[in-house]
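Okay everyone, thanks for coming. Have a look at the sequence and the model on the screen, and I'll talk you through a few spots.

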Amino acid sequence: MGSGQPVAVFGAYGHTGRFVVAELAARGYVPVPSGRNAQALRELADEHGLEARVASVEEPSSLDRALAGTVAVINCAGPFASTTGPVIEAALRAGIPYLDVAAELEANLDTFAHYRERAQAAGAVIVPAMAFFGGLGDLLATAAMGDWTKADEAHIAYALSSWHPTAGTRLSGAVSRERRGDVRLRYRGGQWEQRTDAAPTLRWTFPEPLGVREVIGEFTMADVVTVPQHLSIPDVTTYMTAEAVRDVAASHTPAPTAADESGRSDQTFLVDAAVRSGGIERRASASGQDIYAVTAPLVVEALDRVLTGRTKTVGVASAGEIFDAPDFLHALAPHITLDLHPQGA
């Protein structure tokens, strides 16, 4: 447990940030809410009896003050294309671990490209995409790999009962589209490809009771960045159920609304990871409720393992690279239903 250790949460008043603040407090940490919106920070701090620290990515000294005396920082503030660099720099100056919940491909790629060598040399820990998109799929793919040292391909399919995007999701998506232009990304043969054709519509057989569902193939999410960083797999593809894609693409889809006292929506999810090598397939899957809410136990469990030394490396690292994937997934048992079988030989 946190034993009263202070943890900075940048973007604490956002939809996901509020779940992270609550999870930190539940695990014995003292959240230190931070961000640029002074009024939203005050309201959140007053609600939980916390100390708010106003900070902006445009003012490095304000970030230094926000992180002063904390043991780590969790970045929940999108668009991450604007926040990851400044907050990572502040974490490096403070000598504390950095974790984020970024699902923006470009921001994730930038973090690995720009900070891998510096963080490794400094013995620093930076864990990007430690969220539903990125972290969970990466852990499942790593667990499915088992004792394999390489595989031919990895596939991670998402089944969402609905996808009511937050304002942050819409903003991050807009920033990503602006950076990419009229292309989409996919990972083939160990390289990133820019495609101008439409993503294919396919069918994916999920574990029961879902069964066969229509999915959008090559719906490239953060897992496609994180998995190849540490697993020898040249082809990595993610898929999303077609209904969820239609939800998130529609401008009129409302934001998520609370369906229980914890603030979770009634959205359910199933993530199905399959790795294949030489005609043999191994699979792992996880299901649960609310993709935004489940990000909180994911990133706080990661934080706890970093602070207690239950890690396998330093530097910029994917979830499955720095943590024991099966053990981590089992630790999420109160939040997800896990199936690491059947596995091939």
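Let's start with Thr-16, which sits in helix α1, residues 15-26. Helices here are DSSP runs of H or I with at least four residues, strands are runs of E with at least two, and both are numbered from the N terminus. Is Thr-16 buried or exposed? Thr-16 is buried, because its relative accessible area is 16%, and buried means under 20%, with exposed being over 50% and partly exposed in between, using a 1.4 Å probe and protein chains only. Skip the neighbours within four places in sequence, and Thr-16 is in contact with Val-101, Tyr-292 and Thr-295. Contact, by the way, means heavy atoms within 4.5 Å.

Before I go on, the ground rules. This is a predicted model, so local features need pLDDT of at least 70 and side-chain atom pairs count only at pLDDT 80 or more, while totals for chains, interfaces and linings use all residues. Residues are numbered from 1 along each chain as its sequence is written, and side-chain values use heavy atoms, with hydrogens and water left out.

How confident is the predictor? That's pLDDT, its confidence in each residue, from 0 to 100. The mean for the protein is 96, and 99% of its residues reach 70 or more. Confidence is highest in strand β4, residues 73-75, at a mean of 99, and lowest in helix α7, residues 167-180, at 88.

Helix α7 is also where you'll find Arg-180. Arg-180 counts as partly exposed, because its relative accessibility is 26%. Apart from neighbours within four places in sequence, Arg-180 is in contact with Leu-105, Glu-106 and Leu-185. Arg-195 is 15 residues away from Arg-180 along the chain, and their C-alpha atoms are separated by 11 Å.

Which residues are joined by cis peptide bonds? Another runs from Glu-208 to Pro-209, with omega near 15°; Pro-209 is in the loop between β10 (201-205) and β11 (212-216).

Then there's positive phi in residues other than glycine. Ala-129 has phi near 55°; look for Ala-129 in the loop between β6 (125-127) and α6 (132-145). Ala-129 is buried, with a relative accessible area of 1%. Glu-218 has phi near 55° as well, and sits in the loop between β11 and α8 (223-226). Glu-218 is buried too, at 13% relative accessible area.

Let's zoom out. The protein has twelve helices and 16 strands. Its C-alpha atoms fill a box of roughly 55 × 45 × 40 Å along the principal axes. For 345 residues, a compact globule would have a radius of gyration near 20 Å, and the 19 Å of this protein agrees with that. That radius is taken over C-alpha atoms, and the globule rule is 2.2 Å times the number of residues to the power 0.38.

Of the 345 residues, 53% count as buried. And take the contacts with a separation of 6 or more: residues 24 or more positions apart account for 69% of them.

That's my tour, so over to you.

Methods. pLDDT is the predictor's confidence in each residue, from 0 to 100.
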